[in-house]
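Here are my notes for you to read with the model open beside you. Take the points one at a time and find each residue as you go.

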Amino acid sequence: YFTCDECRINFMRMYEECRFERCNRLSSSTRNEQNNYSIDEWKQLALWLWEVHNDVNVRLLYESRNLNVNENQRLTAAAEEEVKWPSKSDCPECWYEGGGWN
């Protein structure tokens, strides 16, 4: 899926570490009698991938500015929101007033 080794490693790390509540949101316990995933499970997968994508965009923003979030070199929430998808201007109902997504 990922042709970039660093991207593949980072993605697998996020998956294995259950980032963004993956272990609670995406589990085999939600399969139906036919061993298929529920509609909610598929929705959660899409939302989880969306969160991973936005996390990568924020991390790349920090890297492009030679900042290290682990050393408390934080950008403003507004700066981080600029690289997240969808933008507030494209989908205002997707975001809460405080910055979280809906």
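1. First, some ground rules. Helices (H or I, at least four residues) and strands (E, at least two) are DSSP runs, numbered from the N terminus. This is a predicted model, in which local features need pLDDT of at least 70 and side-chain atom pairs count only at pLDDT 80 or more, while totals for chains, interfaces and linings use all residues. Residues are numbered from 1 along each chain as its sequence is written, and side-chain values use heavy atoms, with hydrogens and water left out.

2. Let's start with the cysteines. How many disulfides does a search of the whole structure find? There are 2, where a disulfide means a pair of cysteine sulfur atoms within 2.5 Å. Counting bonded cysteines along the chain, the pattern is 1-2, 3-4.

3. One of the disulfides joins Cys-18 to Cys-23, with 1.5 Å from S to S. Both ends are partly exposed, which means from 20% to 50% relative accessible area, since buried is under 20% and exposed over 50% (1.4 Å probe, protein chains only). Cys-18 has a relative accessible area of 23%, and Cys-23 has 33%.

4. Now look at the link between Cys-91 and Cys-94, where the S to S distance is 1.8 Å. Are these two cysteines buried or exposed? Cys-91 and Cys-94 are both buried. Their link is right-handed, with 65° about the S-S bond.

5. Don't skip Cys-4, which is in no disulfide. Its nearest cysteine sulfur belongs to Cys-7, 3.0 Å away.

6. Next, have a look at the loop between α1 (5-16) and α2 (22-25), where you'll find Cys-18. Phi of Cys-18 is near 60°, a positive value in a residue other than glycine. Phe-20 is found in the loop between α1 and α2 as well. Phe-20 isn't a glycine either, yet its phi is positive, at about 55°. Phe-20 is partly exposed, with a relative accessible area of 25%.

7. Last stop: which peptide bond is cis? The one from Trp-85 to Pro-86, with omega near -10°. To find Pro-86, go to the segment after α4 (77-81).
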